[in-house]
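Please consult the sequence and the structure shown below.

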Amino acid sequence: MLEIKGLEVCHGWVQALRGLSLQVSEGETLAVLGSNGAGKSTLLGALAGLYKIKKGDILLDGRSLSGKSPHYMVKEGISLVPERREIFNSLTVMDNLLLGAYHRYRSKKNEVIIDVENILNLFPALRGRENHPAGTLSGGLQQMLAIGRGLMARPKLLLLDEPSVGLAPLVVREIMSTLAELKKTGVTIILVEQNTAAALKVADRALVMERGSIVLSGCSREMMGDTRVQQAYLGRTRVVRPAAAL
Amino acid sequence: MNKKIALWGILILAFALLPLFIKSNYLLGVLIVIGLYTIIVIGLGILMGYAGQVSFGHAAFFGMGSYTVAVLTTACHWPTIPALIASLILPGLVAAIIGGPTLKLRELYLALATLAFGILVHILFNELKGITGGPSGMTGIPYLSIGGLVFDRDIKFYYLVWVTVLLVSLAVHNLIHSRMGRAMRAIRESEHASETSGIDTAGLKLQAFVFSAVLAGLAGGLYAFYVTFVSPSPFGFHTSVQFVLMAVVGGLGTFWGPLLGAGLVVALGEVLRWAIPLVIPGAGGEYQIIFFGIILMLIMVIKPEGLGAITDLFKKPRVEEVQ
């Protein structure tokens with residue numbers, strides 16, 4: 001469904017993605033792991049049209065999307081839930097959700113209302129707060145709202161950039177279980193996460209990025225058993241501290 | 001809701017009956033100017049308060065509207081209605097052309113670019129003597145006539161202007177509560193998040209810019225028919241700054257802001273001109289500016305959201321559910 005061919009993206013002089021290629025099939029959930037600065041968010045940003053592509057191509061259902069603007073990407077069915085949520089604080093919860101469906105003005109009003117209802121079913125904690133300013137919500141609810149806003153676009157491909165960041169463990173668990181629910185609806189998801197254990201539980205497949213390239217990939221179960229992943233991201237081995245000869 | 005309709009009814013009635021109690025043409029003139037400025041500040045309010053873009057060049061669009069009417073009715077002998085319509089179209093077209101490159105700029109740079117545009121147009125009003133008549137301006141603009149009704153007296157013009165204010169307000173009220181208005185508020189909050197939500201931010205900002213220019217052009221066209229004489233002086237940089245001042249003092253993103261802002265800034269100027277010499281004998285114009293500044297500063301300190309936010313005082317605080 002999604003095919004990325006030799007993608008290169010630069011931030012000024014720094015090359016953030018170095019000839020990255022990957023394929024995602026329909027309905028799949030792919031976890032993208034890696035340390036800070038590995039290029040995970042850049043990958044999502046490039047897919048959402050936020051960054052200029054230096055080389056390579058992005059194909060969605062066989063159609064090239066490289067060089068298109070972010071709002072065009074949303075129309076094409078790629079929806080990004082950005083890092084740190086970026087909800088519209090002064091607008092109400094309902095306005096935030098409706099803005100997610102901004103490009104769908106040609107669809108029937110009923111459809112949008114049904115979608116809002118579906119989102120409220122998916123995140124029952126948001127129900128009853130439709131008219132509250134989004135900025136007054138707790139961090140967890142804001143994250144749910146951000147995901148809800150992304151879903152209102154009826155994406156084929158949902159990009160989630162670190163949805164667990166800054167949230168309490170219980171809230172993270174709730175969000176992850178919602179993602180598992182979402183998977184059942186058949187939407188394709190790319191999940192960038194620092195919380196490797198949680199991400200691997202939800203994802204079908206995972207890949208590890210380092211300095212703008214993919215260094216490891218496989219199905220989630222394999223990855224969970226991989227000693228390199230365990231060492232680097234799951235903290236399951238004893239950390240070897242350097243000798244105290246400082 | 002009923003309360004709201006009652007308030008509207010009272011306000012409209014008050015504006016309708018006001019001229020019956022006003023005997024002086026001077027006061028009527030002040031009210032007409034407030035109405036015209038309100039139209040401009042409504043547009044500027046959309047641009048600044050909703051789309052988050054500042055413009056220090058709106059006096060130029062105001063002037064273009066006036067000169068369009070002046071040139072078309074005197075030199076080209078157009079009937080008044082088509083000339084008025086043209087006074088909306090020309091500033092809108094110019095805004096669409098300069099908006100593309102200009103609106104890519106942000107904040108201070110956008111302010112400077114619009115400022116430069118305003119100054120440039122003002123220079124053109126002065127220098128294109130063949131078309132605009134130069135610094136001495138153009139006279140002989142006919143009265144506006146709509147279907148046999150000739151707006152030849154101030155009182156008629158008063159009603160024309162305030163009915164226009166009402167219609168523009170209603171249209172803008174609808175716009176703000178539409179899908180487009182919601183998107184504009186989103187842009188003000190975060191352009192980045194708006195883009196990723198599927199909003200064409202550049203396109204929407206351009207539309208807001210063109211819309212505000214059209215409203216400024218409309219006010220300009222009406223102004224030309226009101227004073228029947230145009231010269232470059234009312235369309236300079238100073239006027240652009242005044243429009244921004246009215247928008248900010250009135251309160252950005254509020255419904256009553258433009259009316260309150262335009263009303264206060266115009267009325268304050270007039271009152272101070274009359275009152276200062278009574279308190280300080282022999283005081284010149286500079287004293288007015290000092291007091292003007294002090295009063296506006298006080299307003300911004302006491303009510304930084306602007307006068308339009310004054311309705312908040314009557315709202316009951318909402319108890320938020322705390323998680």
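Angles under 35 degrees count as roughly parallel, over 145 as roughly antiparallel, 65 to 115 as roughly perpendicular, and the rest as oblique. The model discussed here is predicted.

Q: Are H2(B) and H12(B) parallel, antiparallel, perpendicular or oblique to each other?
A: The axes of helix H2 (residues 25-50) of chain B and helix H12 (residues 257-279) of chain B come within 8 Å and cross at roughly 140°. An angle over 145 would count as roughly antiparallel, and 65 to 115 as roughly perpendicular. The two helices, H2(B) and H12(B), are therefore oblique.

Q: How many nonpolar residues does the contact of H2(B) with H12(B) have?
A: On the side of H2(B), the residues that meet H12(B) include Val30(B), Ile34(B) and Tyr37(B). H12(B) contributes, among others, Leu259(B), Val266(B) and Glu270(B). By class, this contact of H2(B) with H12(B) has 1 charged, 5 polar and 10 nonpolar residues.

Q: Do strands S3 and S9 of chain A run parallel or antiparallel?
A: Strand S3 (residues 29-34) of chain A is joined to strand S9 (residues 205-210) of chain A by 5 bridges. Within this pairing, Gly34(A) stands opposite Met209(A). The strands S3 and S9 of chain A run parallel.

Q: Which residue in the turn between S9(A) and S10(A) has a positive phi?
A: S9(A) pairs with strand S10 (residues 213-219) of chain A in the antiparallel sense over 6 bridges, and Ala206(A) stands opposite Gly218(A) in S10(A). The two strands, S9(A) and S10(A), form a hairpin with 2 residues between them. The turn residue with a positive phi, of about 45°, is Arg211(A).

Definitions and conventions
Residues are numbered from 1 along each chain as its sequence is written. Chains are lettered from A and ligands numbered from 1 in the order in which they are written. This is a predicted model: local features need pLDDT of at least 70, side-chain atom pairs count only at pLDDT 80 or more; totals for chains, interfaces and linings use all residues. Two strands pair if DSSP finds at least two bridges between them. Helices (H or I, at least four residues) and strands (E, at least two) are DSSP runs, numbered from the N terminus. Axes are lines fitted to C-alpha atoms, for helices over the stretch in contact, and angles run from 0 to 180 degrees between N-to-C directions. Two residues are in contact if their C-beta atoms, placed from the backbone, lie within 7 Å. Ala, Val, Leu, Ile, Met, Phe, Trp, Tyr, Cys and Pro count as nonpolar, Asp, Glu, Lys and Arg as charged, and the others, Gly among them, as polar.
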